[in-house]
Amino acid sequence: MVLIIALGVLLSTILLYCAYSKWKFQYWARQGVPQLNPRIFFGDTLPLVRGKPVQDFHLDIYQKFKPTGAKCVGMYNSHIPELVAIDINLLKDIIVKDYSSFASHGLFYHEKNVLTPHVFNIEGQIWKERRTKLTPLFTSAKMKQMFATVAGKSPGLIRLVGLSVDANKPADIKEILSRFTTDVISEAAFGLDCKSLDEPDNMFRSIGREAFKPNSIKLYIENLFPSQFLGNIGYQAFSSRIVSYFSKVVNETIQYREKNNVQRNDFLQLMLQLKQHGSLVKEDGTVDVKVLPISETGAYITDKEILSESFVIFLAGHETSSSASTFALFALAQNPDIQDKLRTEINEVLKRHDGKFGYDAIIEMEYLDKVVRETLRKYPVAPVIPRRCTKDYKIRDTNIVIEKGTRIYIPVIGVHLDPEYYPDPDRFDPERFSPENKAIRPDIAWMPFGDGPRQCLGMRFGLLQTKVALASLLQEFKFTLNKAMKAPYTADTGTFVYMFKQDVLLDATRVN
């Protein structure tokens, strides 16, 4: 009898759960929004759980529904309704015009996870205040000051590729460029010479490698559960090894500089100026104090905030630039005519500057800028940008209401590979970014760094690193694909960052 009752209760529970799921899975259909085909338990995320790359998943949605004229597509993360924006005007409304309704990335952060409450993750008033404080760190003038730090690491980059040439071995170009950008950002951020170009397994390189290691379970957990819940139960976004080592380095560097009045030309020094003055010290040594929100400690920016911002500068500074440079060389290796044209420009510009590899010379390299932009068009480092609706929002010219708390996905990869904006989108063509071609498509059709008020703060620095790496290497080497590189080139899974699953192996030969 007890067994029969238990089976009855179990059966009733299953039926109720199925009925509940069926009702929940009609949420978007009830609003007249086209939706995917959700399945019990997983909703529409089963392909991701099975290992489908994030960018492929969203590219398929974009390419399936764009021809139908749909403004957006509904999907479900388990039972949670989410939305993929498709229409170019809706994308611009979300990212630029009405960004205040979507001023959150909806990503995990929590005060107990000291490395996570940084400007990319935080939201609301705290984000506005932090953004105001940090924006002066990334002006064109500051990038010019940082140029020597970036260019100073290029001889080590050239030497490392040269070792592959001398050994008659292919260059693992992603690993080499990651070591270069790790050295650059370590010095540019903290004034530390970590020597990744000489020591591939040093702690900073190890941290960067671990932090970006694809992890489908971690991605799923952070997307499914609220940040407050995860933080309160002790969830940690990064290992204790990363947290303890990075915290130790930053905090000890802050204490040493303040105690000994040490001044360096790096991002940490700029943040220490903000901590002390609420503004940056001008080149003449004077301080133009601005009225900025002061924290509870009485500082304009706290040591805890400096720690989290230093971490995101380190992560974004080494990974995005190394990926962009890798994809650029991968594309150039398959397009020797474009590679030769770019090399010619680099040499001609440097000749006009008496062979001096300086900031002004890099800025003059217009074709280099086109190559980098086309690389980020075809291989956006962030192929999907998440947003979270922060207040109920009615989509223009529809009856569709996006409720507060709903996660929205911006399918950057879909827009970048849309033939309406980029004819023959799989072809690598830097001339897409000539002034004439740029003028005939919407500005929002290129957004590898996002757009609007939440556009990536480090965009200028990322572009600078990428251009310096490419200009340095192409002066010295010609690159072709190694025979081990076989199509199709599949993206890695379990990460929002676009990277190939296989190593990018290039054969390099000296130009001279």
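Predicted model: local features only at pLDDT ≥ 70, side-chain atom pairs only at ≥ 80, totals over all residues.

Trainee: Okay, which residues touch the most other members of the largest nonpolar core?

Mentor: Those are Phe-267, Leu-329 and Phe-479, in a core of 153 residues. The largest share of this core comes from helix 15, residues 303-334, which supplies 14 residues.

Trainee: And what does Phe-267 touch, leaving out residues up to four places away in sequence?

Mentor: With those left out, Phe-267 is in contact with Leu-137, Phe-138, Met-143, Met-146, Ala-188, Ala-189, Ile-313 and Phe-461.

Trainee: Switching to strands, what is the order in the open sheet of three strands?

Mentor: The order is 3-9-8, and the pairing is antiparallel. Strand 3 (171-172) and strand 8 (477-481) are the edge strands, each pairing on one side only.

Trainee: How many bridges are there between strand 8 and strand 9?

Mentor: There are five, formed in the antiparallel sense, with strand 9 covering residues 505-510. As one example, Phe-477 has Arg-510 in strand 9 as its bridge partner.

Trainee: New topic: which residue does the "binding site" annotation cover?

Mentor: It covers Cys-456, according to the UniProt record, which is an unreviewed entry. In the model, Cys-456 sits in the loop between helix 20 (435-439) and helix 21 (459-476).

Trainee: Why does Cys-456 count as partly exposed?

Mentor: Because its relative accessibility is 30%, and partly exposed is the class between under 20% for buried and over 50% for exposed.

Trainee: Now charges: how many salt bridges does a search of the whole structure find?

Mentor: The search finds 36. One of these joins the side chains of Glu-252 and Lys-248, at 3.3 Å from N to O, and both residues lie in helix 13 (residues 240-260), four residues apart, or about one turn of the helix. Glu-252 is partly exposed at 43% relative accessibility, and Lys-248 is also partly exposed, at 47%.

Trainee: What about Asp-266 and Arg-257, buried or exposed?

Mentor: Both are buried, and their side chains meet in a salt bridge of 2.7 Å, N to O. For Asp-424 and Arg-427 the corresponding value is 3.1 Å, and there Asp-424 is partly exposed at 44%, as is Arg-427 at 40%.

Trainee: Last one: which residues are linked in a network of salt bridges?

Mentor: Arg-130, Lys-133, Glu-305 and Glu-309 are linked in that way.

Technical notes:
Residues numbered from 1 in each chain as written. Heavy atoms only, no water. Core = buried A, V, L, I, M, F, W, Y, C linked by side-chain atoms within 4.5 Å. Buried < 20%, exposed > 50% of the residue type's maximum accessible area, 1.4 Å probe, protein only. Helix = DSSP H or I, 4+ residues; strand = E, 2+ residues; numbered from the N terminus. Contact = heavy atoms within 4.5 Å. Pairing = 2+ DSSP bridges. UniProt positions renumbered as here; feature names shortened; annotations may be inferred. Salt bridge = Lys/Arg side-chain N within 4 Å of Asp/Glu carboxyl O.
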